[in-house]
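Please read them alongside the coordinates.

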Amino acid sequence: MVDVHERYLQHPVSRPERELLFTALDALREGRGGAIELIGGPGSGKSTLLGELTRRAARLGIRRLGGRSTEGDRGLPLPALERALTHVGDGLLLILDDVHWADRKTMAAIGELIHWQLDRPLLLVLAHRPGQAPPDLRGILAYGLRIGTLQRIRIGPLTLAQSAQLLGLPADHPSLPDLHREAEGNPLYLQALGAAAGTAAHADATAPVPEALADLLLGEIAGLDAEEASVLNAAAVLGGEVTVAALAEVAELSQTSACAVTARLVGRDLLRRSGPHTYRFRHPVLQRTIYQSLDACWSFGAHRRALTVLTAGGASPTERARHIEVAIASSDAKDIRTLVQAAEEHLWSEPARAGHWLSTALCRLSHSAHLVSIERLGHAGRPDGDLARARDLLGAIIRATSDTRLRALAVRLCAQAESYLGRPTEASALLSTSIAELSGPDPARADQGPAELAQLIAARAALEALEGGMPAAEEIELALRIERRHPDELLRVGLLALRGLCAALTPDGELGRAAISAGAASVDTLSDLELLSNPEYLALLGWAEILLGRFHDALRHLCRGVTVTIRSGRTRTLTPLLNALCYLGLYLGPAVEADPTAREALQLAEQLDFAEVRGMILALRSATASWGSTERNDRAVWLAEQAVVALQPGDAWAVSATLCLARAVAVNGDFQRCTLLITNLGKGPRLPALPSILRPLCYEMLTAAAVATADPAATTWAERATAAAAALPDQPMQHGYATAARAHVLAERDPAAAAELYRSAALLFGGVGMTAVQAWTLLLGSAPAAATGAHQDAAAMLVMAKDLARRCGASRVYVAAQLREQAPAPAAADADDPLTVLTGREYEVAALVGVGKKTREIARELNLSPRTVDVHLSRIFRKLAVGNRAALARLMTLAETAGRAS
């Protein structure tokens with residue numbers, strides 16, 4: 001017997017049905033016979049299991065006979081069955097495959113075997129397709145089941161794990177779920193889909209069916225008569241669910257004949273009922289096989305007839321486009337319009353499909369230059385798209401068409417392509433020219449302009465904002481007035497996000513909050529499909545929410561933006577989305593990556609081989625890792641360095657990666673490198689190259705680095721932090737950084753004032769949900785508080801810092817706070833006690849010197865760099881008038897002895 005599956009199965013999977021068959025074979029060796037009904041649809045694995053059973057019987061020395069009924073055998077008894085009836089002796093395995101084709105005499109003999117074979121050493125295995133079994137065979141088998149002489153084994157679909165084993169794929173391969181679902185767990189179809197798709201694509205009418213499988217399936221329909229073949233071919237042309245009326249029209253039969261033929265095809269399990277009046281192929285692979293075998297001339301006419309049926313029934317452009325592209329008439333303008341409409345429906349969700357339809361139209365209608373603009377729209381946003389060609393094609397339409405809608409669309413997409421090519425100035429200029437044309441000569445009447453004017457204004461403003469600039473607020477207001485006359489919910493979301501961005505950086509913060517609230521409410525009512533054309537609006541909304549301190553709303557919208565962007569294919573929009581997530585990582589710590597939605601969004605983004613996306617993900621990982629280390633964090637430094645390498649030097653996106661690197665090296669105690677990174681990034685000590693919203697954060701980092709290295713520039717950096725925050729009214733986060741910078745400077749010379757400033761900064765950070773930064777600020781404030789003798793206040797700050805750090809996953813802060821709690825407290829302030837001149841941190845260093853710790857040991861225990869420990873020691877020596885570590889150790893021992901005595 002030929003095992004047809006062996007041509008496809010290189011990785012046999014473990015199946016419970018096999019074990020049941022083998023158990024029955026073992027019973028036969030012991031003299032116990034039986035009958036088994038093995039049922040499963042075409043390609044389910046019946047023949048594979050029967051082949052394995054036969055080979056096992058041969059190894060065990062069991063006599064075996066086998067046969068297979070075919071459609072042509074009807075009316076003749078099965079020879080193997082005749083021999084079995086006369087040769088049952090010491091034990092016999094009798095396998096009968098495809099018994100649904102057996103004639104009546106053969107079925108009668110099967111019934112006889114089932115009734116008496118239990119007293120004979122005969123194992124009878126009957127395999128068939130349940131959808132094609134005739135009523136008399138089903139009756140015989142049902143009787144055997146009822147009296148207990150027959151066991152039924154039904155072959156179920158493969159599990160996802162079995163599908164992975166069959167295809168030789170890892171269980172987490174991204175293509176596996178789609179392939180498994182499309183194959184419906186059928187091994188034969190799964191192999192066909194995997195071979196045709198390269199384990200990546202989905203089944204469609206154009207994907208090739210492997211030759212061996214095609215031969216097998218076409219052999220199944222070789223016995224059809226002319227009418228049956230015609231109806232089945234018509235179903236292959238129509239595709240999907242079909243009606244008898246449509247089949248009759250395409251097959252050119254009467255409805256009565258088509259109805260009778262369809263019933264016969266259902267009986268053969270080639271077609272199946274999908275509804276009260278609709279039918280479909282038993283599997284898409286069968287439909288593809290038949291479609292790809294059609295005669296080209298017949299297919300052309302069949303598609304024209306199908307198009308007539310669908311048009312009369314009011315089918316959508318998408319449903320009709322598949323037939324038009326095969327049988328399009330070169331001068332049929334109506335067909336061209338249908339292709340364009342279908343392409344526009346799928347422009348953002350399936351750009352490759354849309355481009356194919358438009359290319360088909362372009363071949364037939366050379367004078368429709370405007371179609372060129374749409375051909376590459378979907379590809380313009382893909383990292384592997386031909387951006388330069390897209391830009392040139394879009395430029396051609398801008399020059400050629402006078403249609404306002406198409407021209408505006410082409411301008412927006414051409415500007416997008418220019419931006420992706422690293423030419424934001426050219427993109428902005430193109431948009432500006434078109435805005436001027438649509439605005440007209442009278443600025444006072446600009447708000448009477450067309451809807452396209454608002455769209456172009458939003459596009460230019462979004463480009464400026466995502467490149468690190470700030471759009472003109474008056475233009476946003478103009479676009480909003482136009483949008484009220486031409487309502488567009490999606491455009492309104494983008495404009496409200498832009499209004500919020502503008503207002504967040506002005507004294508009118510309330511306007512910004514109202515705009516962002518309205519924008520968030522609107523975007524939450526839109527589906528992902530509605531957002532596909534403008535996923536950058538989610539990036540703008542997320543940035544505005546960050547500026548207003550709405551971090552968790554920002555996290556939700558940014559993660560949704562990642563998902564929508566990947567679905568749209570415009571993967572370059574991922575960069576500003578991930579950039580914003582990176583800043584959330586700096587502010588919120590590991591809580592960002594711990595969020596399930598963020599984790600899923602990052603996993604999607606990681607599947608793309610795109611340098612900027614890879615760089616931003618590395619930067620985000622560095623930002624969160626710098627909060628999660630308890631000692632030196634070389635991993636955070638390495639991640640940030642890799643991010644900087646992946647991003648282009650001077651690129652706006654490289655800013656966040658460089659800041660992550662500066663933060664990471666500062667955590668490791670390399671304050672000089674931290675300072676150089678920030679000042680080089682900002683093109684000088686006044687940071688002119690950095691956006692104003694980043695300067696308070698950068699000046700705070702510079703102040704902390706200067707204080708740690710006893711650099712007198714610390715005071716200057718703190719003053720600049722205060723000035724930078726003052727330029728950003730109604731921004732608690734920015735004022736928090738400026739306040740913390742002043743506290744760093746005062747920590748040694750005025751610890752009481754420093755403790756109060758740290759407390760104020762922590763309140764500002766906490767008010768906007770910056771949990772990780774708030775915890776760190778409270779930790780810093782506990783040392784000067786303890787130095788003033790306010791030990792209860794210091795302890796309370798440490799407890800709160802630990803609680804916040806635990807909640808956001810900032811283990812570096814948690815461990816540092818825990819160590820500080822456990823450190824010996826300095827003696828109460830006493831005029832005769834020289835140690836009262838030390839700050840809290842200095843006392844910790846001195847105490848560790850007193851118990852014999854070396855510099856590196858102290859650095860590791862206090863999470864400091866060795867250089868910072870040396871700076872503290874120099875101050876301690878100066879304040880206590882001691883000349884070396886031995887003298888300091890003696891002084892600490894005396895102080896501890898005096899403390900115990902008192």
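1. Among contacts in the protein chain (heavy atoms within 4.5 Å) between residues at least 6 apart in sequence, 66% join residues at least 24 apart. This is a predicted model, in which local features need pLDDT of at least 70 and side-chain atom pairs count only at pLDDT 80 or more, while totals for chains, interfaces and linings use all residues. Residues are numbered from 1 along each chain as its sequence is written, and side-chain values use heavy atoms, with hydrogens and water left out.

2. The protein chain has 46 helices and 7 strands, taken as DSSP runs numbered from the N terminus (helices H or I, at least four residues; strands E, at least two). Of its 902 residues, 54% are buried, where buried means under 20% relative accessible area, exposed over 50% and partly exposed in between, with a 1.4 Å probe and protein chains only. The accessible surface is about 37,500 Å², and carbon and sulfur atoms account for 54% of that surface; the areas come from the Shrake-Rupley method with a 1.4 Å probe, and for residues only the protein chains shown count as cover.

3. A nonpolar core is here a set of buried Ala, Val, Leu, Ile, Met, Phe, Trp, Tyr and Cys residues joined through side-chain atoms within 4.5 Å. The largest has 154 residues, of which Leu-578, Leu-584 and Tyr-587 touch the most other members. Helix 29 (residues 574-588) gives this core its largest share, 11 residues. Beyond four places in sequence, the contacts of Leu-584 include Ile-546, Phe-551, Leu-558 and Val-592. A second, separate core holds 47 residues, among them Ala-164, Leu-166, Leu-190 and Val-242.

4. Leu-864 is in the loop between helix 44 (855-862) and helix 45 (866-880). Is this residue, Leu-864, buried or exposed? Leu-864 is buried, at a relative accessible area of 19%. Ala-708 lies 156 residues away from Leu-864 in sequence, yet their C-alpha atoms are 9.6 Å apart.

5. The count of disulfides (cysteine sulfur atoms within 2.5 Å) is 0. For Cys-698, the closest cysteine sulfur is that of Cys-674, at 9.0 Å, so the two are too far apart for a bond. Cys-698 is buried, with a relative accessible area of 0%; Cys-502 is also buried, at 7%.

6. The charged end of Arg-305 is 5.8 Å from the ring centre of Trp-298, and Arg-812 lies over the face of Trp-776 at 4.5 Å from the ring centre.

Key:
A charge sits over a ring if NZ of Lys or CZ of Arg is within 6 Å of the ring centre and within 35 degrees of the ring normal.
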